Amino acid sequence: MNHRRHPIALAATSLLLALACTPAAAHTGSMRGGFLGGFAHPLFGPDHVVAMVAVGLWGAFLGPPAIWLLPIVFPLVMAFGGVIGILGVPLPGVEIGIALSAIVLGLMVLLAAKPPLAVAAALVGAFAIFHGYAHGAELPPGADAVAYSVGFVVATGLLHLTGIAFGQLARWPAGRIAVRAAGGVIAFAGVAFLAAAR
Amino acid sequence: MSAFFSGLLHPLVIPAHLLALLALGLLIGRQRATLPPCVGFVTALAAGLTGIALAIAETAALDVLLAATALAGVLLALARPLPTLLSTALAAVMGIALGLDSPPEAISLAAANATLVGTGLGACLVLVLVAAAARCLTRGLQRIGMRIVGSWFAASAILVLALRFARGLMF
């Protein structure tokens, strides 16, 4: 093993060992229960899943710096939407906004649209508010806040990474067709979500 | 001895503390000067734990820690070099908040003190290990990964602060 990797291995081992133990503490937080609940939450909403994957796909299609900027912008703005949802501030057309996110982002991939980075980030950020709002408003009251939020955000990020990974196929001509077709499927699914939301 | 180990693991199993240490560790690891913020953190953590040992009144330590974690996450996502004074100040704020938010559940004074010493040592170890790991992650994709993780930390901390506010748990 390269000696430069030792701190990483040591840190990872320490974390794993610690999470396997249950020390006495004055807090009530549970990393396992709350985390799994939050992690599962975005994965059981197909409208959320396709939109998250579309963000990653589009980022991969746009290339650097969008490939990493969009997955950074999304959770930060989504948290803002989550705050609005948690505080109960009314936001009209949330489900329609979520369905539209799948349609628009899917179409962007299907059409291989390459707008300026600021436009892409603004578009993704605008839709992130609707996704964050829906998740924030649906948070179970008894959930351990920190672990739940971490699980929720990590699951969202992993869906982005799934899209980015699939989007890497666009390096090859046949893969490019597959990625654009995936965008079409996402847009089509968005139309179905929109029909259900109305 | 079990009280000491209980304290040693405390920062690792309390989600808010782990989140804060990971965010701060990665942020410090990305800076040119790592020693001043580490020293600032250790000193402030010792002060916070001493405050707990002296049984000071309940504070808004957790809320401060979460707010500082959100800031550290955003700074990590921005990936800009920070003035040493700013990184040291942030580390100090997080250190004292983490210390004040670590009250031991011990019956005897000796066990409580052992737990506090363990907590301090555990937090410092995690911070140093994460910062050291971050310094090793120098490749393009690794640095991008850290920026993405920074945005996750910030988003999580912001959501938790909102939840605490909505549930009336804020100090």
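User: Starting with chain A, at what angle do helix α3 and helix α4 pack?

Analyst: The model is a predicted one. In chain A, helix α3 (residues 46–62) and helix α4 (residues 66–87) pack at an angle of about 150°, with their axes 7 Å apart.

User: Are α3(A) and α4(A) roughly parallel or antiparallel, then?

Analyst: Angles over 145 degrees count as roughly antiparallel, and α3(A) and α4(A) are therefore roughly antiparallel to each other.

User: Which residues make the contact?

Analyst: From α3(A), the contact is made by M52(A), V55(A), W58(A), G59(A), A60(A) and L62(A). From α4(A), A66(A), I67(A), L70(A) and F74(A) take part. By class, this contact of α3(A) with α4(A) has nine nonpolar residues, one polar residue and no charged residues.

User: What is the peptide bond from P64(A) to P65(A) like, cis or trans?

Analyst: That peptide bond is cis, with omega near 0°. P65(A) lies in the loop between α3 and α4 of chain A.

User: Where is A112(A), and what is its phi?

Analyst: A112(A) lies in the loop between α5 (94–110) and α6 of chain A. The phi of A112(A) is positive, at about 55°, although A112(A) is not a glycine.

User: Back to α3(A). How does α3(A) pack with α8(A)?

Analyst: Helix α8 of chain A covers residues 173–197, and α3(A) packs with α8(A) at an angle of about 150°, with the axes 10 Å apart. α3(A) and α8(A) are therefore roughly antiparallel to each other.

User: Is that crossing left-handed or right-handed?

Analyst: α3(A) passes α8(A) in a left-handed crossing.

User: Which residues meet there?

Analyst: On the α3(A) side they are P46(A), D47(A), V50(A), A54(A), L57(A) and F61(A). On the α8(A) side they are R176(A), V179(A), R180(A), A182(A), I186(A) and F193(A). By class, the contact of α3(A) with α8(A) has nine nonpolar, no polar and three charged residues.

User: Now chain B. How do α3(B) and α6(B) cross?

Analyst: The axes of helix α3 (residues 35–53) and helix α6 (residues 109–136) of chain B come within 10 Å and cross at roughly 160°. α3(B) and α6(B) are therefore roughly antiparallel to each other. The crossing of α3(B) past α6(B) is right-handed.

User: Which residues in α3(B) and α6(B) meet?

Analyst: In α3(B), the residues are C38(B), F41(B), V42(B), L45(B), L49(B), I52(B) and A53(B). They meet N113(B), L116(B), T119(B), G120(B), A123(B), C124(B) and L127(B) in α6(B). By class, the contact of α3(B) with α6(B) has eleven nonpolar, three polar and no charged residues.

User: Changing topic: how many cavities of 30 Å³ or more are there?

Analyst: The structure holds two cavities of 30 Å³ or more. The second largest cavity has a volume of about 40 Å³.

User: Which residues line the second largest cavity?

Analyst: The lining of the second largest cavity consists of H135(A), G136(A), L139(A), Y148(A), S149(A) and F152(A) from chain A, together with L159(B) from chain B. By class, that lining has four nonpolar, three polar and no charged residues.

User: Which helix gives the most to that lining?

Analyst: α7(A) gives the most to the lining of the second largest cavity, with three residues. In chain A, α6 (117–138) and α7 (145–167) each supply at least two residues of the lining.

Terms used
Residues are numbered from 1 along each chain as its sequence is written. Chains are lettered from A and ligands numbered from 1 in the order in which they are written. This is a predicted model: local features need pLDDT of at least 70, side-chain atom pairs count only at pLDDT 80 or more; totals for chains, interfaces and linings use all residues. Side-chain values use heavy atoms; hydrogens and water are left out. Axes are lines fitted to C-alpha atoms, for helices over the stretch in contact, and angles run from 0 to 180 degrees between N-to-C directions. Helices (H or I, at least four residues) and strands (E, at least two) are DSSP runs, numbered from the N terminus. Angles under 35 degrees count as roughly parallel, over 145 as roughly antiparallel, 65 to 115 as roughly perpendicular and the rest as oblique. Contact means heavy atoms within 4.5 Å. Ala, Val, Leu, Ile, Met, Phe, Trp, Tyr, Cys and Pro count as nonpolar, Asp, Glu, Lys and Arg as charged, and the others, Gly among them, as polar. On a 1 Å grid over the protein atoms alone, a cavity is a set of points where a 1.4 Å probe fits but cannot get out, and a pocket is an open set with protein on both sides within 12 Å along at least five of seven lines; lining residues have an atom within 4 Å of a point. Grid points are joined across faces, edges and corners, and a volume is the space filled by probe spheres set on the points. A crossing is left-handed if the near helix is turned anticlockwise from the far one by less than a right angle, and right-handed if clockwise.
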